[in-house]
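Open the model in your viewer and keep the selection tool at hand.

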Amino acid sequence: MNSKTTGWILTIFPILGMACWALSPMFALGPPGEYEGGYGAMAAELGKSANAVSLWMALAGLAYAILTVGLISLKSKYTDGNYGYMAGILLLVGFAGQGVETGSFSAAAQAASKGAEMIPSAAALLVLAATAGGGATAIFALGLALLGAGLYMKKSVHVISSASYMIIGLFGAIGSIFFYDAGLMAVYYFGLTITTVAVGIELIRTGQD
């Protein structure tokens, strides 16, 4: 994959991924850990729009899958040594775990749509989603931090972008452990989006076909 193609992926797909989350019924409900009534109440609410939840989760998963490909391409072209190698492994493992999260959210909504008797099962699936998502995001975020370190060591992109990846990655790794299902995690997602778009624009402007 050439540099400009990588740049376009990094510019477009973080925005698409965020847009899919914003359009999902889950976004309107807010973080699971802060929802009034807890996971059971949230599951019941998601059951009212189960098909929309499944659709937007699938689209968000696709957008972030392509984004991960772009980040791996960035790692391959613009880093070297142990930082880049470890970053690639962690990004792939983290993304795989995030697939469990989105699948569990969809399954929870579908289960809740079957009736009140399925709410406990749906709530358990939401707990699974938060648990798997927290662990996977911590791994992915640590991969971002190492990616930033690799970019910084090789002076491949603007120093602000590489430093931002390191800071946002460490914040995401710590936040995923301590407050993954709370609203403060939005800082990580917005930071990831803004930094990645900035890197993508830089590659579009300076990269070779």
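Which helices each supply at least two residues of the nonpolar patch? They are α6 and α7, helices being DSSP runs of H or I with at least four residues, numbered from the N terminus.

A word on the model: it is predicted, with local features needing pLDDT of at least 70 and side-chain atom pairs pLDDT 80 or more, while totals for chains, interfaces and linings use all residues. Residues are numbered from 1 along each chain as its sequence is written, and side-chain values use heavy atoms, leaving out hydrogens and water.

**The patch.** Select Tyr83, Tyr152, Met153, Val159 and Ile160, which make a nonpolar surface patch of about 510 Å². Tyr83 sits in helix α5 and is partly exposed at 38%, that is, between 20% and 50% relative accessible area with a 1.4 Å probe, protein chains only.

**The loop.** Next, pick Val157, between α6 and α7. Val157 is buried (under 20%), with a relative accessible area of 7%. Show its contacts (heavy atoms within 4.5 Å): Leu151, Ser162, Val199 and Glu202, beyond four places in sequence.

**The core.** Finish at the largest nonpolar core, with 28 residues; a core joins buried Ala, Val, Leu, Ile, Met, Phe, Trp, Tyr and Cys residues through side-chain atoms within 4.5 Å. α4 gives the largest share, 7 residues.

How values were computed. Patch = residues over 30% accessible without salt bridge, like charges linked within 9 Å, V, L, I, M, F, W, Y side chains within 5 Å. Areas by Shrake-Rupley, 256 points an atom, 1.4 Å probe, with all protein chains shown as cover. Salt bridge = Lys/Arg side-chain N within 4 Å of Asp/Glu carboxyl O.
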